[in-house]
Amino acid sequence: MNVAIVGVGQTPFSRNCGISIRELCFDAFREALEDLNLTPKEIDASIVCSAPEYDKQRSPAGLISEYLGLNPQPTFYAESICSSSSTGVKVGYSFIKSGLHDIVAVIGFQKMSEISSAEVQERMGRGADIQWESPFGTMMPAGYAMYARAHMQKYGTTEEQLAKVKVKSGKYSLVNPLAMFRRAVTVDECLKARVIASPLKMFDCCANADGASCVIMASEEKAKKITDTPVWVAGIGAASDTLSTTSRTNLTGLDCAIEAGNQAYKMAHIEPKDVDVAEVHDCFTIAEIMAYENLGFCKPGEGGKLIEESQTYIGGKIPVNVDGGLLSKGHPIGATGGSQIRTIVLQLQGRAGKTQVDGAEVGLVHNIGGIGLYGNVTIFKR
Amino acid sequence: MFVSFGKFGKIGYVSETKVADFMKYLGQGKIMATRCSKCGKLYFPPRADCPDDLSTDMTWQPLSGKCKLLTYTTAHFAPTGFQDDLPYTIALAECEEGVKVYALLSKDINGKEIHIGMDLQLAPLRLSNGRITYELKKA
């Protein structure tokens, strides 16, 4: 039995969205149900995804399921930081595949403006191993910056190549009305921007945002009654790596992404060259370059060259993040995976508008939690 | 004298641990790893429990402190409590015993001198507020 995505939704990603988390989730849920032959009462389980350190609401699944009219059906909470909603989709897939549930709603959200900048600042320090690494004042950009430095040393990757990832992101952000930053940038602007954690500068980094996403999943039998355009989950991979930097061996790629990708390719019976369009977790420009390599879109060390040659633009070898990616959309942690999945589903349904990749049949989503801590790769087919 | 682990680092988030003796040794100028008595695996940062054979029979072993720089970044933004130290350079180094260490590079090292592969010396560092940590100095 196959499992389908039947509906997808996403709110605009923004700073200070001005509405509450339940309302954010409702807006994404409403879009996901548009044009479907499905009512909330027919959804037999919900999975709510967020990173709880940014939530004021304790146990948000209770609140969200009530507001979306999903009681008394069971509701669950999934968390893997930045990849929480991909984790939710994996759990949803398992529910449907096992026969426990037929139709599942996966709702991801984050309202990062809910807590003050000072509170965000304090939480940022506790993302690393709090016993042995946080006491040195580290945070997310520093972690990825250390990968960037090692990648540059080993492969000759340049700051210009990193900047070119953001230039691509900026170009596609102009045609994504849901993106937080909708502006083209030049390589020169990127290189002159203030340093956050060397060699990463402001435009190498994504930004916190408020937003929600929703993915409706269904069994094959139900999916065909709900929509004429189901998109099939062809492969799902998930892996973890050590939280501590000191236990990592690969400093130029994310092993959890390589492992998750291998699992997903194997399950989908495809190779990297078969992917028509991909969404990768570009929380930092270096993360996109490593994703090219870790997913097999190019050889290790050739990620910089791939963007240099514009091979990840529409018309290139493998279009990547043609919705602007996290770098332009913003990164409301729990909602990000669902937003990536939405982009790929719209591509495979031929509904991607100005960024439609002609004839896209196979799409891939790469969603990472933490600094290469949780790897999630999901492959979809038309 | 017993020193709580809570005194480790510029800011500590963990005060209770089975490896609190690490602080006693650090106060004596020694940076200690642990070795599993059963499988012989060396752990740094020290662990009290070996996941490979579920043994808790560990012995303390000093590190020579001789390291090579694997990667680094100079941070210009910091979490709460670290802002006054900016900019600072966070480094990952490999010790000659094969284990890795995550620490700040000493402020004495000139930015232009920093390069991957450079020799470093891991050493205890007493902070002005009575806390204690370790840092990577020029070898």
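Visitor: What span should the 14 residues of helix α9 (residues 255–268) of chain A have at 1.5 Å a residue, and how far apart are its end C-alpha atoms?

Guide: The model is predicted, so local features need pLDDT of at least 70 and side-chain atom pairs count only at pLDDT 80 or more, whereas totals for chains, interfaces and linings use all residues. Residues are numbered from 1 along each chain as its sequence is written, while chains are lettered from A and ligands numbered from 1 in the order in which they are written.

Helix α9(A) should span 20 Å, and its end C-alpha atoms are 20 Å apart, in agreement with that value; the expected span is 1.5 Å times one less than the number of residues. Helices (H or I, at least four residues) and strands (E, at least two) are DSSP runs, numbered from the N terminus. Following the helix, H269(A) has a positive phi near 55 degrees.

Buried residues of α9(A) include C256(A), I258(A), G261(A) and Y265(A); a residue is buried if 20 or more other C-beta atoms, placed from the backbone, lie within 10 Å of its own, exposed if 12 or fewer, and partly exposed in between. The buried residues of the helix pack against β8 (231–240), α10 (285–294), β10 and β11 of chain A.

Strand β10(A) has pairing partners, two strands being paired if DSSP finds at least two bridges between them. Strand β9 (residues 277–279) of chain A runs parallel to β10(A), with 3 bridges, and E279(A) stands opposite V365(A). Strand β11 (residues 374–381) of chain A runs antiparallel to β10(A), with 8 bridges; there K381(A) is the bridge partner of V362(A). The strands β10(A) and β11(A) form a hairpin with 4 residues between them, and G370(A) in the turn has a positive phi of about 70 degrees.

As for the chain as a whole, chain A comprises 13 helices and 11 strands, and 61% of its 382 residues count as buried. Its C-alpha atoms fill a box of roughly 55 × 45 × 40 Å, taken along the principal axes. Among contacts between residues at least 6 apart in sequence, 77% join residues at least 24 apart, a contact requiring C-beta atoms, placed from the backbone, within 7 Å.

Note on methods:
Two residues are in contact if their C-beta atoms, placed from the backbone, lie within 7 Å.
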